[in-house]
Amino acid sequence: MSTKMQEWMFESFPLLRYEPTEMRIRVSDGELQIADTTRAMLVWEPRRIVPSYAVPVADLRGELAASTLPSIPAPDRILDPGTPFVAHSCAGDPVDLLIGDTRFPGVGFRPQDPDLADYVVLDFWAFDGWFGEDERLMAHPRDPYHRVDVRQSSRTVRLELDDVVIAESTHPVLVFETSLPTRFYLPPQDVLVELTPTERRTACAYKGQASYFSVAGYTDLAWSYAEPLDGATQLAGLVAFLDDKLDVFIDGRRREQAPSPAAELFRDRFGIKQ
């Protein structure tokens, strides 16, 4: 009996997971040095999509104390990057970090697990400086089992909104990203409607910082990376659309929209909401 690879990988999704890394991880906040280690772990709490870094307590530049912030139960759903760090989905102790006279409330978590007994998981968004070796990290730690393939294509991509063609290109760039729908990035000259910039900004650990646009009364329907990260530089200046809300035609054939590849597995196998 064969097994679909993605289903096999997500069997462990409800569990506390970790993976050692030899990458040197340095953490700072302003002028304060938080941690410097070559013994970091990537840690996924149950139902978390993206990992956090855990560092040995011995490699911290400060001391840990019982948290002054209450831990809140994690919601019974997939925990995406927008889920607050203080919402923990496994047993453990939230902690504050003390460095001199500075206290960082609730920025650490010590899971009750023997393999992580000497480690503390850190809140990525609590500190303004994260470095992997000598390169700054963005948004969250990268998952070593998450892949982003950016490919130029000669297929014709046509996007329609309310039966009106809003973009059509014969040289799109396609992004194939683990567990996410394929996205189509088009040259701006192939966009046939006005793009109105909005204030929304998001950050991706793999692609960089995105700016958003409204289209024909639909807010934040499109986005673009002005300065994408290494590995995604082909996307610079191209425009992608939230095509879940559009009709997409590839070489003249309408593309059937599908949910995130893992959605049905999470719901049916584990009873986890999207």
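## Loops, rings and an open sheet

D163 is exposed, with 67% relative accessible area. The model is predicted. D163 sits in the loop that joins β15 (157-161) to β16 (164-169). Its backbone stands out: D163 is not a glycine, yet its phi is positive, about 70°. Most residues other than glycine have a negative phi.

D251 also has a positive phi, about 50°, without being a glycine. The loop between β23 (247-250) and β24 (253-254) holds D251. Is D251 buried, exposed or partly exposed? D251 counts as partly exposed because its relative accessibility, 48%, falls between the limits of 20% and 50%.

| Residue | Phi | Relative accessible area |
|---|---|---|
| D163 | about 70° | 67% |
| D251 | about 50° | 48% |

**Aromatic rings**

How many aromatic pairs does the structure hold? There are nine. F124 and W125 form an aromatic pair, with ring centres 6.5 Å apart and planes at 75°. The pair is classed as edge-to-face because that angle is over 60 degrees. F124 is buried, at 9% relative accessible area. W125 counts as exposed, at 62% relative accessibility.

Ring pairs also build a cluster: Y53, F104, F124, W125, F127 and W130 are linked in this way. F124 and W125 are therefore both a pair and part of that cluster.

**Charges over rings**

Two arginines are placed over phenylalanine rings. R26 lies over the face of F131, 5.2 Å from the ring centre. R158 has its charged end over the ring of F249, at 4.2 Å from the centre.

**The sheet**

Which strands make up the open sheet, and in what order? Seven strands run in the order β1-β4-β5-β11-β10-β9-β6, with antiparallel pairing. β1 (17-20) and β6 (63-66) are the edge strands, since each pairs on one side only. Neighbouring strands are turned against each other by 40° on average, with direction ignored.

Within this sheet, β4 (residues 41-44) pairs with β5 (residues 52-56) in the antiparallel sense. Three bridges connect β4 and β5. L42 stands opposite Y53 in β5. Y53 is also one of the residues in the aromatic cluster. Strands of a sheet pair through backbone hydrogen bonds.

Definitions and conventions: Residues numbered from 1 in each chain as written. Predicted model: local features only at pLDDT ≥ 70, side-chain atom pairs only at ≥ 80, totals over all residues. Heavy atoms only, no water. Helix = DSSP H or I, 4+ residues; strand = E, 2+ residues; numbered from the N terminus. Buried < 20%, exposed > 50% of the residue type's maximum accessible area, 1.4 Å probe, protein only. Phe/Tyr/Trp six-rings, centres within 6.5 Å; stacked < 30°, edge-to-face > 60°. Lys NZ or Arg CZ within 6 Å of the ring centre and 35° of its normal. Pairing = 2+ DSSP bridges. Axes fitted to C-alpha atoms, helices over the stretch in contact; angles between N-to-C directions.
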